[in-house]
Amino acid sequence: MKFVLIDRIVELESGRRIVAEKALSLAEEYLADHFPRFPVLPGVLMLEAMVQAAAWVVRERLDFAPSLVLLKEARNVTYKSFVAPGQVLTVEAECLELTQRESTFAARGHLAGREIVKGRLVLRHLTLAEYDAGWADTDERLRTEQRARFALLWKGCPAAADRAAV
Amino acid sequence: MAAPSRQEIFKKVQQALVDALSVEENEVTEEATLTRDLQAESIDILDIVFRLEKAFNIKISQEELTPRDILSNPEYVNNRKLNAAGLAALKQRVKHADFSKFEQDPDIDKILDVFTVGTIVSFIEEKLAASQS
Amino acid sequence: MRWIWFDRFTEFVPGERAVAVKNVTLAEDHLHDHFGAFPVMPASLMIEGMAQTAGILVGQARNFTEKVILAKIKRAAFHRLVRPGQQIRFEARIEHLTDAAASTRGEIRCGNDLIAEVELVFSHIDQNISGLEFPDENFVFTEEFMALLKTYTQPAAENIPL
């Protein structure tokens, strides 16, 4: 399975705020285990969707400089309801603080306008070459992967507009 | 050992709420309602109760805060709303809470709205005093 | 992709504490997306491993009569990366347990290294969520989870010479 928990970026205010969507499909195989006869998006994948949305804010703002953007701390992530197959979870992350090294976000998830999850996230940004110069080429590969993924998700960026015009 | 002062209790309750709800200290005033002002969900209330039990070394049962025998009693509840008798019974059981807004629309699913920070502090103050005697 | 985020219990003290281990392997699809050129075990899935370990500990303490689901992550703090070929250990203990809910606290370790600290609150959903319909049976504790517990409590079946 692809570990991509954001299908589409809907809004992006550079360095400040992102709105993105994750659609849930019955074709997602893990649903057979979670749960049998009651398939719902696992809570930690709602968290992962919020983390990935916030990570895009970081990457876009820092021009993809950090090759790895990882969850350092999640606080008070509260779950209020479930996402069922066929539904779309709208995820919103608001940046509270952002430096080269770390960022803090207040994140929320909505289902048809109703808030069903919220939490505080701290992300850590790093490059492998900071720790071992021999990994600089891996950093570049990671950056290339992330830029390509971003172009797929964010239709607002110039590359996407060119494709649409064809 | 002397029972802690109200101010000492308030400080510990304030810390528990800051930790559980990701709110700032200055938002946690005596008058603030847990659900409306501090955005606590029902699971947060359970989390907060656990933290208070630990902080004050006391046991708090769900019944003391949201008495199921009143909230699910057909003599007190019509269409998920408390009638006059139900409200009276609830006020007798759950002291210190602010029922003024709740009374205008006594929806049992909104019962948690009656709890302010001050309510919690008074509740703990009373429990600690009772355990001293 | 299966939704089983630990491989084996190594300790299980009913009502108190459980330890489970998970091998991180390149056979796991999701690692190739997280992050392709440099696979690391996602923090969210490590939280799930802890939630499953702790959730079974909580469920067993009430004889699996409750549907125990993760309702709140109080805090999950990560200190180190986890990479393919490593084995991580989830060490969970129950802090509070009532009719309505339970809270657990625990650490994730790799060898002697502390990977993360995870504090969770579980809800017993039949008691807590009104207006939602659930199937009657306890769908949370699947046969796979019961088999993992049985492997610990009744290990003799594993020691079969060929």
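Guide: Axes are lines fitted to C-alpha atoms, for helices over the stretch in contact, and angles run from 0 to 180 degrees between N-to-C directions. The model is predicted, so local features need pLDDT of at least 70 and side-chain atom pairs count only at pLDDT 80 or more, while totals for chains, interfaces and linings use all residues. Residues are numbered from 1 along each chain as its sequence is written, with chains lettered from A and ligands numbered from 1 in the order in which they are written.

In chain B, the axes of helix α1 (residues 6-21) and helix α7 (residues 117-132) come within 9 Å and cross at roughly 125°. Helices here are DSSP runs of H or I with at least four residues, numbered from the N terminus. R6(B), I9(B), F10(B), V13(B) and L17(B) of α1(B) meet V117(B), I120(B), V121(B), I124(B) and E125(B) of α7(B), contact requiring C-beta atoms, placed from the backbone, within 7 Å. These residues divide into 8 nonpolar, no polar and 2 charged; Ala, Val, Leu, Ile, Met, Phe, Trp, Tyr, Cys and Pro count as nonpolar, Asp, Glu, Lys and Arg as charged, and the others, Gly among them, as polar.

Elsewhere in chain B, just after α2(B), N57(B) takes a positive phi of about 55°. Between the chains, 5 residues of chain A are in contact with 6 residues of chain B. Strand β3 (residues 68-79) of chain A gives the largest share of chain A's side, 3 residues, and that side divides into no nonpolar, 2 polar and 3 charged residues; strands are DSSP runs of E with at least two residues.

How values were computed: Two residues are in contact if their C-beta atoms, placed from the backbone, lie within 7 Å.
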